[in-house]
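Thanks, everyone. Please have the model open.

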Amino acid sequence: MHTRWIKRAERYYELAHRMFELRYYPEACFYAQQCIEFLLKGLSIKYVGARPYTHDLLVMYSGLREYLGVDVDEGKLYCLKYLTEHYIGSRYPDARISEYDLDDARRCIECLEGLWNVFKSKESL
């Protein structure tokens with residue numbers, strides 16, 4: 001069952017990058033957030049036996065930390081919080097004061113890359 005979540009995370013990884021290339025900045029952030037959410041939920045199913053019912057990436061990581069044996073640095077903790085904000089902000093045009101721009105999307109993609117590199121390797125443990 002966890003492999004279905006991982007495969008969807010892989011698809012969202014590609015979509016986040018594609019949306020960035022197309023300059024669809026809110027969508028790039030949305031798929032970046034969804035990618036890490038699905039990856040962490042897949043890992044939760046694999047290691048804990050259930051997925052958490054939350055969209056908060058920091059909460060998901062906290063529940064998995066001991067199983068994965070990964071202590072992420074401050075930058076990755078920031079990224080978990082930063083991407084969580086985009087679960088809502090990227091989907092609703094009036095959820096943010098300002099429009100998404102290149103800097104927002106670039107930060108989302110950078111966070112995606114850093115977190116992906118840490119957590120994706122834990123799938124094969």
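C108 is buried, with a relative accessible area of 0%. Keep in mind that this is a predicted model. What is C108 bonded to? Its partner is C29, and the two sulfur atoms sit 2.2 Å apart. C29 is buried as well, again at a relative accessible area of 0%.

Now the geometry of that bond. The torsion about S-S is about 100° for C29 and C108, so this disulfide is right-handed. Where do the two ends sit? C29 belongs to helix α2, residues 25-47, while C108 belongs to helix α5, residues 102-119. The pair therefore ties together parts that are 79 residues apart in sequence.

How many disulfides does a search of the whole structure find? It finds 2. The other bond joins C79 to C111, with S to S at 2.2 Å. Here the torsion about the S-S bond is -70°, and the link is left-handed. C79 lies in helix α4, residues 74-89, and C111 lies in α5, so this bond ties together parts that are 32 residues apart in sequence. C79 and C111 are both buried.

So much for the individual bonds. What pattern do the disulfides follow? Count the bonded cysteines along the chain and you get 1-3, 2-4. One cysteine to flag is C35, which is in no disulfide. The nearest cysteine sulfur belongs to C108, and it is 12 Å away. Is C35 buried or exposed? C35 has 0% relative accessibility, so it counts as buried; the cut-off is under 20%.

Next, helix packing. Two packed helices are described by the angle between their axes and the distance between the axes. Take α2 with helix α3, residues 57-68. Their axes come within 10 Å and cross at roughly 35°. The crossing of α2 and α3 is left-handed. Which residues make the contact? From α2 we have Q33, I36, E37, L40, K41, L43, S44 and Y47. From α3 we have L57, M60, Y61, L64, Y67 and L68. By class, the residues of this α2 with α3 contact divide into 10 nonpolar, 2 polar and 2 charged.

Q33 and L57 come back in the next stop, T84. T84 touches Q33, H55, D56, L57 and L58, leaving out residues up to four places away in sequence. T84 itself lies in helix α4. What does the side chain of T84 reach? It reaches the backbone oxygen of L80, at 2.7 Å.

Last stop, Y12. This residue is found in helix α1, residues 2-21. Is Y12 buried or exposed? Its relative accessibility is 13%, so Y12 counts as buried. Which residues does Y12 touch? They are Y31, Q34, C35 and F38, again leaving out residues up to four places away in sequence. One distance to finish: Y12 and D104 are 92 residues apart along the chain, and their C-alpha atoms are separated by 18 Å.

Over to you for comments.

Terms used. Residues numbered from 1 in each chain as written. Predicted model: local features only at pLDDT ≥ 70, side-chain atom pairs only at ≥ 80, totals over all residues. Heavy atoms only, no water. Disulfide = S-S within 2.5 Å. Helix = DSSP H or I, 4+ residues; strand = E, 2+ residues; numbered from the N terminus. Buried < 20%, exposed > 50% of the residue type's maximum accessible area, 1.4 Å probe, protein only. Axes fitted to C-alpha atoms, helices over the stretch in contact; angles between N-to-C directions. Left-handed = near helix turned anticlockwise from the far one by under 90°. Contact = heavy atoms within 4.5 Å. Nonpolar A, V, L, I, M, F, W, Y, C, P; charged D, E, K, R; others polar. Polar contact = N/O pair within 3.5 Å; in protein donor to acceptor, adjacent residues only side chain to side chain.
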